[in-house]
Amino acid sequence: MIFTSFGDKPKFHLSFSVHYMNKSILYFLCFVCFVLALPQHVYSQNFWTQTAPYPFDAGAVVPSFIITVTKEGHYLAGTGDGAGIYRSTNQGQSWVQSAGTSWYSHCVSYAISEKGTIFAGMNRLVDAKDSSWVLASTNGGANFSKLSFPNIRIVRLYAGKQGRLFAATDKGVYRSTDEGSTWAKSSTGLPNTIVNDIIEHSSGIYAAIEGEGVYISLDGGINWKDADAGIYLQFTRDLAILPDGSLACATQYGAFRSKDGKDWSIYFGNGTDQLPMQTVFGSGSSLYVGLNGSAGYVSNDDGTTWAQLLTGFKSTVVNAFAIDSSGKVLTATNTGIFKQANDQFGLLALSTPSIEFPETNQGSKAKETCIVSNAGNAPLTIKSIATSGYESSEFSVSTTVMNKILKPNDTMHIQVVFEPKGNGKRQTDLQFALENNLSSSNHIVLEGIGNAASSIGDEQCASIDVQAKGRSIIAKADGAKILGAYSLMGESMEQQKQYMSSSVCQWNNLIPGLYIIVMQSNGNITTYPIIIQ
């Protein structure tokens, strides 16, 4: 949805004698000149920087499924490809494998209890079968010990109130009331399928059931019933509690939220197009969403506008978010753990990645408005906005924007106009030229359909009347041009034509048959068939 735009290139003057230069020196100088002449925006800092690699295998790319921050401020990363659990005590500058975790296991989830115990859900494929277990740490993740758990694949762990601990598995919900020492299946009322997540909200305990929607328990997770959340939440992958206390769901149609678990509203996506949502998260005044294929997004205005956080990533799959003790954003991706690189930055955020105009007749205009904001914590500058592409002349921006400075949380409305010059689908890109912007939100796709005015439309804007009288045809056109009459065989009736006035034409002595009268109105050509008996 966003483009990169560049500022003015600095000018350089370089003169030297090529004849006396070694070719390698010449090539080097040419490269230096090329680099210096590149737009400054290319070398601006990225939003993300990768933390240190895991000491797992030199050169190996180890996916990270989950990231959490302990009360001591240490990072705990849950990894795949058999790498287990890694811990960083220096904010990602180095990682050490936590004692008691296996080299051959995947950590898919963390849960921290009210007492501060850290639980980890572990999976491993053994003889083509899933093997799962739960680990626990009471010293901030430095050491883990294995707990008793049925050999059922764990999808997610959740630590609730009153010492309740839940495991969402591919065979229902399991519940513990003694810090994970014993577990019992607690799936009464649930469909017999995969549970993707579980979370406790002020209105009840919720479970996301694969393909079945969201279920609720009002008795501490013992009995469940359909929460009747609707078809949009049928494939809910992730649950979260947002800073305002809302329950949030990452679904196949976007991110939804509810204050009471009954009335839901969408806050990311349009509710119709399917989105590969991975996770939802919130901290302070910021909302985050992670996707499979387009990385992460952040909103600082309650979901009105979103900034794509992609620069600096090596992966476009975001599995989880966290906030460290310094307030920086962390994310677990398929290529490791990344963290926010800068303290000061601008982030252009958009209310939509695309604008679809209604069908519009040639000669008419359609207008739509988008909202842009600065979701960063430092000013950014919109140097200009322009359309780009083969059909760019059919779209324009009526809002004057030139070197517009947006301070943090500033918002502005931009009106875009569609004036088709051709028929069918028209498309172009609205590009933003920016300074001090670290988001990847810098363009909007514009789409519309241009229509030639139909005969019905022509009759509405021009008075046209075609009649047969005996062996003559009389055409009256007020506001339209009469181009001619033709037989069914395509022969022109020019010799039989008689002008009665500038807007009335008559064709005489016609033999019986079908004739076509051709008119032009508003630049569009329309045909009118008529029969002589």
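1. Start with N436, which counts as partly exposed at 42% relative accessibility; on this scale buried means under 20% relative accessible area, exposed over 50% and partly exposed in between, with a 1.4 Å probe and protein chains only. N436 sits in the loop between strand 37 (424–435) and strand 38 (443–451), where strands are DSSP runs of E with at least two residues, helices are runs of H or I with at least four, and both are numbered from the N terminus. Leaving out residues up to four places away in sequence, N436 touches F345, G346, A378, P379 and L380, a contact being heavy atoms within 4.5 Å.

2. Before going on, a word on provenance. This is a predicted model, so local features need pLDDT of at least 70 and side-chain atom pairs count only at pLDDT 80 or more, while totals for chains, interfaces and linings use all residues. Residues are numbered from 1 along each chain as its sequence is written, and side-chain values use heavy atoms, with hydrogens and water left out.

3. Back to N436 for a moment. Its side chain reaches the backbone oxygen of P379 at 2.5 Å; a polar contact is a pair of N or O atoms within 3.5 Å, where within protein one must be able to donate a hydrogen and the other to accept it, and residues adjacent in sequence count only if both atoms are side-chain atoms.

4. On confidence: the mean pLDDT of the protein chain is 85, and 87% of its residues reach 70 or more; pLDDT is the predictor's confidence in each residue, from 0 to 100. Residues 1–44 stay under 50, and the model has 49 contacts for them beyond four places in sequence. Residues 455–460 are also below 50, with eight contacts in the model beyond near neighbours in sequence.

5. The overall make-up is two helices and 45 strands. Of the 533 residues, 50% count as buried. Among contacts with a separation of 6 or more, 53% come from residues 24 or more positions apart. The chain exposes about 25500 Å², with carbon and sulfur atoms supplying 49% of it; areas come from the Shrake-Rupley method with a 1.4 Å probe, and for residues only the protein chains shown count as cover.

6. Which residues have the most contacts inside the largest nonpolar core? They are I67, I85, W95, Y110 and A120, in a core of 25 residues; such a core is a set of buried Ala, Val, Leu, Ile, Met, Phe, Trp, Tyr and Cys residues joined through side-chain atoms within 4.5 Å. Elements giving two or more residues to this core include strand 2 (64–69), strand 7 (118–126) and strand 26 (318–323). Apart from it lies another core of 22 residues, among them L350, A366, V372 and F395.

7. A120 is worth a click: beyond four places in sequence, its contacts include I85, Y110, W133, F144 and L157. S109, in strand 6, is among the residues A120 touches. S109 counts as buried because its relative accessibility is 1%. The side chain of S109 reaches the backbone nitrogen of L157 at 2.9 Å, and its contacts beyond four places in sequence include I66, V155 and R156.

8. Now the charged pairs. Side chains of opposite charge can pair when their charged atoms come close. A search of the whole structure finds 12 salt bridges, each a side-chain nitrogen of Lys or Arg within 4 Å of a carboxyl oxygen of Asp or Glu. R156 and D197 meet at 3.1 Å, N to O. R156 is in strand 10 (residues 154–159) and D197 in strand 14 (residues 195–201), 41 residues apart. Both R156 and D197 are buried, and together with D238 they are linked in a network of salt bridges.

9. Are E200 and R164 buried or exposed? Both are buried, and their closest N and O atoms are 2.6 Å apart in a salt bridge. For contrast, look at K259 and D244, paired at 3.4 Å, N to O: K259 is exposed, with a relative accessible area of 52%, and D244 is partly exposed at 41%.

10. Last, K476 in strand 40 (residues 472–478). K476 is partly exposed, at 44% relative accessibility. Beyond four places in sequence, K476 touches S463, I464, D465, S503 and V504. K476 and Q506 are 30 residues apart in sequence and 8.8 Å apart in space, C-alpha to C-alpha.
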